[in-house]
Structures are given as structure tokens and as C-alpha cells.
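Subject: Structure handover

Hello,

I am passing a structure on to you. Please open it and keep it beside this email while you read.

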Amino acid sequence: MKQGNPLILVFLLAYCFGSGCVTKAEDPYRFFTWTVTYGTRSPLGVPQQVILINGQFPGPPIEGVTNDNILVNLINKIDEPLLITWNGIKQRRMSWQDGVLGTSCPIQPNSNWTYHFQLKDQIGTYTYFASTSMHRASGAFGALNVNQRSVIFVPYHKPDGDFTLLISDWYKMGHKALRKRLDSGRALPLPDGLLINGASKGLVFTGQHGQFYRFRISNVGISTSINFRIQGHMMTLVEVEGSHTLEEVYESLDVHVGQSLTVLVTLKAPVKDYFIVASTRFTKPVLTTTAILHYQGSKTRPSRPLPIGPTYHIHWSMKQARTMRLNLTANAARPNPQGAFHYGTIPISQTLVLANGRTKINGKLRYTVNRVSYVNPTTPLKLADWYNIPGVFNFKTIKNIPTPGPSILGTSVLDFALHEYVEFVFQNNERSIQSWHIDGTNAYVVGYGTGTWNIGMRKRYNYVDAVSRHTFQVYPMSWTSVLASLDNKGMWNVRSQIWSRRYLGQELYVRVWNNERSLYTEAEPPLNALYCGKAKRPI
């Protein structure tokens, strides 16, 4: 990272004014230049091509503070178009910066583009990754940690150190081979292994006896839920995707694809080394990887057996998920309690029931939402919407509840008014776990249940202290319900975080809109916006 000089800052302020950024003068700017290339690594002991950022696998972390302005000049040196999305960053008023094909033209090979977004009113553990094609299966992911401003108090003492763990499933096949397999109509097999920070073994985290440490844990894989545990140590959960939680203590924690959480761990065991363990959930066989928690001064290697974790136990996982509850007395990113927003008393304006499905269209495997398998148009939806370009999408392709009939290919967009309060019900009638994500907002996870959702399930909702997060697991043959205040105008991706499903159509977009053109509700296209398809740069 390098700091800017005053002349650059003057230019950036002019840029912000022209693109509609509204930011306080005291909010810092952090500048990054990232070059994306191919390289060779051996994550599972076999040399293979991976995607590097500045020569790093995983990519370099972003360590930010609430309200920081982040500028990333991304130079694409691989042979395919590329976008990076900022998983969980809300991009207030700026869906232009979200880094998905529905909002941005991709960055072509041997070209660059600069992202400019603000970590507005967020604290917590997040990630970034390539959103295009199957690129994230070969790397191009990293950590994005947002710390609180000095005027904000978090509900725990400052830890003696921080560890960030990016846990991922991994294939020995590269992203092109995986894509070819999917394009041929075949599903992906079980991954070949698990990685922690890009390594399958030998990673060491060192701490001192008597001190306590913050572990930021993210599942950056493409298909597999994981269970995380530390031999001989309990973990205190303190944050889930930007929400401070009640400080429950756990022996192990499930982290589903695309999810992040933060735990505190006190090093009070005898001075020696201990295994850090991640293992797959709901798979046969179970894949396992380890790292080492090393006590400073220890000369004793960790000893087996590894701590036992759950394997297929669905109800165990659902029961644990219900114990994750919002700390209503904790500050949020602004100096007011998280519980000041009484989400359970707000009338629901619309209910969406989104059912995932697996089918064949034209003889090939596709995944669907309410019978529609998403196809990206050549013109980004946001550009088409802003410039009123016809023939790119409509609001009739997908229904807001499952309906009978054949599955189709289409470009699914649902329309909402700004500030609508919406109930999203994710219905999973398949025997595999799902992981769903909503860009541009967080949502309160008010209910999990088995079987088919109906309106009577609302009696079982948590209307008081449900965790607000951006990625939600849906258990096999089950449903998950979330409540979201759509107060962020723009075009937002709702997608499966299981990347083969997303690649083959399990996604849609929601347009949050009103007819007011105001910089206070939505920024204009940035001056460096890319144009493609039917969208032409204005003269």
C-alpha cells in the first residue's frame, strides 16, 4: 500500500464530486495497486496453475477502518475478463462498484480499472474474490477486515493479537478445467482437499500463554461447508459478518460457503502446540486439514488424536445457528446500539419465496431459481437500467414464488421500491445444503426450519435478536427466512455462494429504485465506468 500526495487527493475529490461520492473530508483514503497474474503453486502437493494478486496466494489483505475510502487499481494480466467483488461490503449508493456482471463490464485482459468504494458504517470480517466465471476456484481471493473508529467501543477488550484464517475447499483441476466440465453438463465432484490461507499443512500461528487473540475465520471455498475447532481451546463468538453477537462459547463452529465470523481465544492451556482443525460438513468422505497453534516457548509438537467434529449432523448445525444472537447493547459502526432498529415490529411489504432447483435445459445441467436459470446479458443490468436501454431485461421473467412448469433460461430481475421491508424465504427442496448471499444489504436471519415454508412458520421467528448478516445457509429439505430493509438504491446480486450452482444459473438481481435522481440516494456512474454490449459511453 502506498499513501497519496496532496495533488492526487485534489484529483480524487474532483473525481468524487463528478461521480457523486459524498464523503467527509476527514475520511482517510487507502490506495492499492493490484496486478492479477497466473502462477504455479502446490497447495495440495501437486504443482498447478493458480491466480495470484501481486504474486500472492491468497491475495493481499485489506486492513481498513470504518468509513475509509478504498481505491484499488486492478491490472488484469490473465487471459480472460475479470471482476472482483467485495463480499459483504454494502457499497452504499454505489452498486457500480459491486464487481459483478450485473453492474459492471468486466476488466479485459491487459487492461486495468480502479474500484473506489467506502467502508461506510461497517465493522467486521469480510472477504473479496473474483466473481467472473470460475476464477475464484483458482485463487483471486483475500481478506478484507474493517476495524472500528477510535470513537466506537466494541463489546470486548482489545485482543493481544489478530489472526485471519481463509479456509477453502480446493480442486487439483484449475478453473478452466472445472468450467469445461460444467459446460459439458457434468456436476463437480467432491473437492480434493481443504486449505487454510492457501496451505494444506505446515501453517503456524504463534501466541503467548495468558493472552487472548482474535481469530477472523472465513469460508472462501466454492462448494463445501466447514467445521472449525482448536484442540484444547474454547472459542467465544463475538461477531458475524458485521454484527456483534452475544458472547456464546463453542468447542467448534460451522462456517458455510461465503460466510465469515470472529472468535476470541484465550491461550490458557499448558505450554505446547495444538492442532487447528477444519473439516468438511455434509460430505462423504470427510476432508480435513490442520494448522498449528504454537505457544511461544513451546518445544512440544501437537499430539493426536485430532478433536472430533460433527460430520453430517444437520439438526446439530441448525441448533447451533439458532444460538447465534445479536448483542443488542453493543455499538454498531455508528455510536448507537445495534438493537435500536426494532426489525421485528416493521410491517413486511413483500414476501419472496425463492426455491433453488437442479434440472436439464437443452440436455445439459443447469441450476434454477423459481424455474429460471440465469443468463448474463452482454450489457450489464445497471447500465441498461440507468440509460433506459431496451431489450436487456424485464421484470416478468421470474415470479416471486415458485410456480409449476418447465425450467427456462432467462435474465431474472425483481423490482422493489426504495425502503421496502422484504421477507426473503429461501426454500431448498434438494438433499444438499445451500448457501445464499444478498449484495447491498444485510438481513436478519429470523428462522430456520425443515420441510416447506408457509406463513404459519412466522410464529417461530426470532423477532428480537436475530443476527444480521449477508450470507445464509439453507439446510437440505429445509427453508431459511430473512428480513431485509432495502434502503440501498441500486442493482443487487442475489446468488448462490456455491460457485458451480451460481455459474450454471442459480442467481438473480433485485432492483431497488425510486424515481428521484439524487446524489443522496444513488451516485451517478463513475467517470471511469466501463461500457460494453448495448451501453455506449455518453459523449
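Below are notes on a disulfide, a helix, a strand and a sheet.

This is a predicted model, in which local features need pLDDT of at least 70 and side-chain atom pairs count only at pLDDT 80 or more, while totals for chains, interfaces and linings use all residues. Residues are numbered from 1 along each chain as its sequence is written, and side-chain values use heavy atoms, with hydrogens and water left out.

Disulfide. A disulfide is a pair of cysteine sulfur atoms within 2.5 Å, and the count by this rule is 1. Cysteine 105 is joined to cysteine 532, with an S to S distance of 2.1 Å. The two lie 427 residues apart: cysteine 105 is in the loop between strand 5 (84-87) and strand 6 (111-118), and cysteine 532 is in the segment after strand 33 (507-513). Helices (H or I, at least four residues) and strands (E, at least two) are DSSP runs, numbered from the N terminus. Cysteine 105 has 4% relative accessibility and counts as buried; buried means under 20% relative accessible area, exposed over 50%, and partly exposed in between (1.4 Å probe, protein chains only).

Helix 2. In helix 2 (residues 175-183), the buried residues are His175, Leu178, Arg179 and Leu182. They are on the same side of helix 2, because they cover an arc of only 100° around the axis; the arc is that of the directions from the helix axis to the C-beta atoms. These buried residues pack against strand 1 (29-41), strand 2 (48-53) and helix 5 (499-503). Glycine 185 follows helix 2 and has a positive phi, near 100°.

Strand 14. In strand 14 (residues 235-240), 6 of the 6 residues are buried, so this strand is largely enclosed by the rest of the structure. Two strands pair if DSSP finds at least two bridges between them. Strand 14 pairs antiparallel with strand 18 (residues 260-266) over 4 bridges, and threonine 236 has leucine 264 as its bridge partner there. Strand 14 also runs antiparallel to strand 15 (residues 243-244), joined by 2 bridges. These two strands form a hairpin with 2 residues between them, and glutamate 241 in the turn has a positive phi of about 50°.

An open sheet of 5 strands has the order 11-20-19-13-17, with mixed pairing. Its edge strands, strand 11 (204-207) and strand 17 (252-255), each pair on one side only. Strand 13 (residues 226-230) and strand 17 run antiparallel and are joined by 4 bridges; arginine 229 stands opposite serine 252 in strand 17.

Regards

Technical notes
Contact means heavy atoms within 4.5 Å.
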